[in-house]
Amino acid sequence: MHPMIQLESLTYAYGQGTPIFQDFDWQVKHGEAWAVLGPSGCGKSTLLYLLAGLRFPTSGQILIEGQPLTRPRPHTGLILQEYGLLPWATVRQNAELGLRVRSFYGPDGKHSPEDFQPVEKLDPWLDRLGLLSVNDKYPSQISGGQRQRTAIARTLALKPDVLLMDEPFGSLDAPTREDLQNLTLELWDEQHLTLVIVTHAIEEASVLGHKILLLGQPPNIAPVVIENPGSRRPDFRHSVDYLDLCRDLRRRMEV
Amino acid sequence: MKRRNLLFAILTLLVIWQVGAWLLNEPILPSPVSVAVTFYNELVRGELLEHFLASLWRVAISTLLAIAIAAPLGLILGQSKRLNSLFSPLIYILYPIPKVVLVPIVLLLLGIGDLSKIFIIFMILFFQILVLVRDRAANIRPELVLSVRSLGAGRRALFRFVYLPASIPGILTALRQSIGTAVAVLYIAELFATQQGLGYYIYFNGSTLFNYPAMYAGIVAMAFMGLSLYFAVDWLEHRIASWQFVS
């Protein structure tokens, strides 16, 4: 079986500058939860946009389930830090946007999967994410946490198998952030997702990443991968292993 | 605009007008009461309504034309950096030219009928709408466009679900900003070579017949038209862009 995501000697540079990735190889297997950790400017967001098919490698290639990625793939979901919601649409309209885009094109296999059935129900998702009570509110009327829940509902309603998140909880207060991190892991488990989450926060990477890809100042040539099997334990956040891991990551990032 | 405040503004104006009429005591400034009587008579028995409708039609048709042509162009320019930088200089050269200076040329080229009047108002609204819609479309956050693209949207769906709804407040703002100018220019356009419209009515009564109450009735009708158009835009805004007014 092909790995879910495979980077083959990927090189990516903005213009003539130092490449952000150079001959970079990396693999993500089905159902893994990865955190990509690094300081700003390390290229972690670029990596996510590459995986989403919104940017393209300078050389080398990205394979998703063995297929070269040439455009945004219908089964890949992307959630960004903020501003991803339509300000003129209600929570419900925002959450159904993906389904409407799919109905707009029909099952053409390009914008929307060939087996797309325009009957998928949104209410269970709004319910699961606790949004039914605010479904007729606009994004400006709800909290940051609810906005991210809306973005999650919109993406998961499309039944993705890969979920990419770019600093999704960066602007939230600590309790909301923790809450949404737990929710993300629950949904990852429930929906059999392959998760890649980009973050600059060591704590977040430790909690969400069963494997952690550490990026540094460009060029990134060989992937630095930290296994984090302990994070599958429900009480990991309060364990000594967690503190050790955070300390280890902090030390590595300072180098 | 609150109804109570509007009523207050109208009352204040009427009081100032009445006091002015008493102080001046000349036929050139009749009292609001005599203008109101004339207004009623001209509306019911005279031709004021016809002139009003002729003017309203000119403004309405040029507004619709301006939206129909300028909004799509603004959308196209706003979502393409290349096209925008190509056409921006042209727009900025033409935009500040007061369109009213072109009245004689337009009359010469398009004749003395409705077409020339409609075209002049159209030009004013066209640039306002073009620039505002373009800027709305250009200022959409890249995160929003990327998110929607990641949901599978190509160019067509982006237009339908992002650029088009984003431009509607721009169109309405442009209309609100240009209604005053449009009505003012309408007056000037209707001075030339026409016997229909409020501009003609005001000028003819004021400068040829010296019927001042009728002239003021025409001015009141013009103010009423501007105000109604403003309220129409306001109403539309609350109906189709209500998300802007929530807190």
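Biologist: What separation lies between the centres of domain 1 and domain 2 of chain A?

Modeller: Taken over C-alpha atoms, those two centres are 24 Å apart. This is a predicted model, where local features need pLDDT of at least 70, side-chain atom pairs count only at pLDDT 80 or more, and totals for chains, interfaces and linings use all residues. Residues are numbered from 1 along each chain as its sequence is written, while chains are lettered from A and ligands numbered from 1 in the order in which they are written.

Biologist: Where do the bounds of domain 1 and domain 2 of chain A come from?

Modeller: From an automatic or database domain assignment, which gives 1-41 + 48-75 + 160-255 for domain 1 and 86-159 for domain 2.

Biologist: What makes residues of chain B and chain A count as being in contact?

Modeller: Their C-beta atoms, placed from the backbone, must lie within 7 Å. On that basis, 19 residues of chain B and 24 residues of chain A take part.

Biologist: Why are 11 residues on the side of chain B that touches chain A called nonpolar?

Modeller: Because Ala, Val, Leu, Ile, Met, Phe, Trp, Tyr, Cys and Pro count as nonpolar, Asp, Glu, Lys and Arg as charged, and the others, Gly among them, as polar. That side therefore divides into 11 nonpolar, four polar and four charged residues.

Biologist: Which residues of H4(B) make the contact with H6(B)?

Modeller: Asn84(B), Ile91(B) and Leu94(B).

Technical notes: Two residues are in contact if their C-beta atoms, placed from the backbone, lie within 7 Å. Helices (H or I, at least four residues) and strands (E, at least two) are DSSP runs, numbered from the N terminus.
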